[in-house]
Structure formats: C-alpha cells, structure tokens
Amino acid sequence: GATLGVMGGGQLGRMFVHAAQAMGYRTAVLDPDPASPAGLVSHLHIQADYLDPAGLQQLAEAAEAITTEFENVPAQALRTLAERRPVAPAGDAVAICQDRAAEKAHFGASGVPCAPHAVIETAEQLAAVSPELLPGILKTARMGYDGKGQVRVATPAELAAAWAELKQVPCVLEKRLALQRELSVIVARGADGQIVHFPVQQNLHRDGILAVTQVPAPEVDAALAAQAVERAGLIAAEMGYVGVLCVEFFVVDDGQGGSALVANEMAPRPHNSGHYTIDACDVSQFELQVRCMAGLPLVMPRLHSPTVMLNLLGDLWFADGQERTPPWDRVLDLPGVHLHLYGKTSARPGRKMGHLTVTAATPEAATATALQVCALLGLPAF
Ligand code: ATP
Ligand code: MG
Ligand code: MG
C-alpha cells in the first residue's frame, strides 16, 4: 500500500499515524527522538534531525506524500521535501505560522482583526512603544508554545526587563485584552480550494496551556460561531493553504454590550483543541489530514455527541511528592469516557501526557461526567 510521511513524532503525529493506518496506509515518521510517541507506532521511524539531508531523502523515498505535525519543523525541510513529493501544508504557509509577526500581518491581509500589537526588533523600537499597548504581553516571535516565551508586562520598565529576559529578537508586544472567552476553529482545505470545518470549540487555558475544550461551545451564539468559521476559512484561503489548520480566537467586548472576535494565532496542523473529534465526530481532524494529503475527498464532519475534552498533564502523575499512576479504573467506570495516553515514558509537570474525551447524549451530561472526572483526578472544576 501507499505510505504517508510525517515530519515530527509527537502525539499529533501518533494520532495521525493511527488514522492513516486505520485507512490502510503505511506510515513513515521522521523524528530524532528514538522514543517519540509517533515513531513508536509507525511502520518506519527515521531517526534524524529535521534538516539532515540523508533523513529527508529517506523520507522522500519512503513516502508518497508528506505532512508535518510539529509547528517548528524548519520550513526549509518542507521545501526540500517538496522538490520530490507533494507536501501539505507547504513550507511557506508553515513559515507564516511560525512567526507571530508574519502571522499577524497575514491576519490583516486576510481582513481578520487581531490584538493591537507592535513588532520589536531593536532597542529604539522598544523605547518607542505606544503606552496604549500596556498592560501587554511580550511574546517571542518564534518558537513559543504553551505560554512559554511570554512575559506579562504592565509598565515600560517591566517591558524593558522582559525584553532583556527573553533575549530574543524579534518579539511582539500585544495589548492584554479582557477575554470573555477563547475559541478555536479547525478547517481542512483541499488542493482544489474546497474547505470543510469542525464546529467551534470553546477552550479554557490555565497557565497558558489548554486545559478544557467544550463542543458545542456553551457560551457562543450562532452568529459569532459563523463569523469565526468564516474568518478561519479566509485565513486559509488567503495563503492557498492545503491541509488542516487551526485558528485560535479571543472573544472580547465589542464596546456596545456585545462580543467581538479577535484572531490570536494559528497552527498549521491538527490541534490539541480538536482531539475530541476522534471520539465525538464522524470524521476526525487526523482523518481529514490524511484525506488532504492523499487527495481524497473532504466531507463536512458532523459532531455526533456533545463532548468535553480534558488535557492530562504530567502533574497528574504526582501526588504528595510521590510518582503515581492516576486512578484510571475509577475514571473509566464513568459513562462515555475515552482515555488517550501518548506513550511518553516520563511524566513531568506541564508535559502533555494524554487527553480524555467525555461524550454524552447532551452537553449537560458531558459536563457533569467531566466534572466527576476532574474530582477523581484532582483537577480544578471548569
Ligand atoms: P499554544 O500552545 O496555544 O501555541 P502559545 O504559547 O503560542 O500557546 P498564545 O496562544 O499566544 O500562546 O497565548 C496563550 C494564552 O495566553 C492564550 O490562550 C490566552 O489565554 C492568553 N493570552 C495570550 N495573548 C493574550 C492577550 N493579548 N490578551 C489576553 N490574554 C492573552
Ligand atoms: Mg502558539
Ligand atoms: Mg495559543
């Protein structure tokens, strides 16, 4: 059978491999880590650095089409692979998503508002920042994730200290917005320009890390949801994107007692806020990634069960200073609980070890069960 290749061997790659294999494909994963979650379950695991020419050549020989699961895979590696094989998403699109300054410029070019911000590359630009942007968040333009590479600043002095601390140029200073809530939208776009999307996800972040996703979004009206979907589609189309794309949005006050949408950032791949699609939709985000790569038809996915997704961070593997296994037997005794563990060998606080999806007949029932899970695991309620 045909082989599909993926750059990166993390949990997103692992779930991609599962979806590809279920559809009869062989898989090839390129990741330097011999114990990478996706490498462990793939037919072929190429242990090489992302820019290693021999590794890239081996992947291009093995795989008929190639994708990425890792946002920070060097765009140049994807461009090199694209000389030999179809690569989706393209290196140029991934490069935009890897750079907050380029990403925000792209939102603007797509006609989609984002937070007021300034790109800071020099001490002069730092000194000239408008006080309108404070209090704000200084973010490294590149390589940040899970809230890493971000410092909250309230005054020009704190801004200068944060700039010195991050030691990275360029940075982006964003105005800190009062968030009513956070949403995300996942779209898949085919080479022919067809776009399908999942329902709008409502996300709760704790300490900059996604903690809870609820679908249907309990506090989002239909008009705002439709606007979020439309904007995600515009953002994808504007860069001729092929593949699965997630766009994160903030919901803020519109100044007239209502709500307005602001784009936060995007990810050129399936997204943590879309993991519920495996258990709660008739087609998952990973199957859509397979379909995009393989040139298969895209169909509009359908949510068949209201759902709550809980992220399982490494913190759960520790209690009273001791390492432990969380009480899965009690959690799995509840109805509609789907446990996904990524096969990571060591738990560290903040490390994404797995997730858990609750499906139920009604949103209320899904929430009630998810709250029971939280109580059993010692997670805060949402
Ligand atoms: P991810 O793991 O989602 O890629 P990241 O490190 O790229 O995370 P962001 O999405 O930029 O981080 O920010 C993380 C979280 O911090 C957001 O989900 C939001 O809760 C909060 N946040 C970020 N920017 C702002 C802002 N301008 N105003 C208010 N809150 C913000
Ligand atoms: Mg990010
Ligand atoms: Mg984010």
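Predicted model: local features only at pLDDT ≥ 70, side-chain atom pairs only at ≥ 80, totals over all residues.
Residues are numbered from 1 along each chain as its sequence is written, while chains are lettered from A and ligands numbered from 1 in the order in which they are written. The protein averages a pLDDT of 97, with 100% of the residues scoring at least 70; pLDDT is the predictor's confidence in each residue, on a scale from 0 to 100. For the complex, the predictor gives an ipTM of 0.98 and a pTM of 0.97.

**Domains and their contact**

- The domain assignment divides the protein into domain 1 (3–87), domain 2 (116–175) and domain 3 (179–377), with bounds that come from an automatic or database domain assignment.
- Taken over C-alpha atoms, the centres of domain 1 and domain 3 are separated by 23 Å, and the contact between them takes 18 residues from domain 1 and 18 residues from domain 3, two residues being in contact if their C-beta atoms, placed from the backbone, lie within 7 Å.
- On the side of domain 1 that touches domain 3, the elements that give two or more residues are α1 (11–22) and β4 (65–68), and α1 gives the most, with eight residues.
- The residues on that side of domain 1 divide into eleven nonpolar, four polar and three charged, where Ala, Val, Leu, Ile, Met, Phe, Trp, Tyr, Cys and Pro count as nonpolar, Asp, Glu, Lys and Arg as charged, and the others, Gly among them, as polar.

**The shell around ligand 1**

- Ligand 1 is surrounded by 18 residues, of which the closest are Tyr145, Asp146, Glu174, Leu177 and His205; a residue is near a molecule if its C-beta atom, placed from the backbone, lies within 6 Å of it.
- Because domain 2 (116–175) and domain 3 (179–377) both give residues to this shell, ligand 1 lies between them.
- At least two residues of the shell come from each of β6 (136–140), β9 (179–189) and β14 (259–267), and by class the shell has five nonpolar, five polar and eight charged residues.

**Strand pairing from β9 to β12**

- β9 and β11 (residues 201–206) run antiparallel and are joined by three bridges, two strands being paired if DSSP finds at least two bridges between them.
- β11 also pairs with β12 (residues 209–215), in the antiparallel sense and over five bridges.
- Gln202 in β11 stands opposite Leu183, and the bridge partner of Gln202 in β12 is Gln214.
- The hairpin of β11 and β12 has two residues between the strands, and Asp207 in this hairpin takes a positive phi near 55 degrees.

**Backbone exceptions**

- Most residues other than glycine have a negative phi, and most peptide bonds are trans.
- Asp146, a residue other than glycine, has a positive phi near 50 degrees, and Asp146 is also among the residues closest to ligand 1.
- The peptide bond from Ala88 to Pro89 is cis, with omega near 0 degrees, and Pro89 is placed in the loop between α3 (75–82) and α4 (91–97).
- Val215 and Pro216 are likewise joined by a cis peptide bond, with omega about 0 degrees, and Pro216 lies in the loop between β12 and α8 (222–238).

Definitions and conventions:
Helix = DSSP H or I, 4+ residues; strand = E, 2+ residues; numbered from the N terminus.
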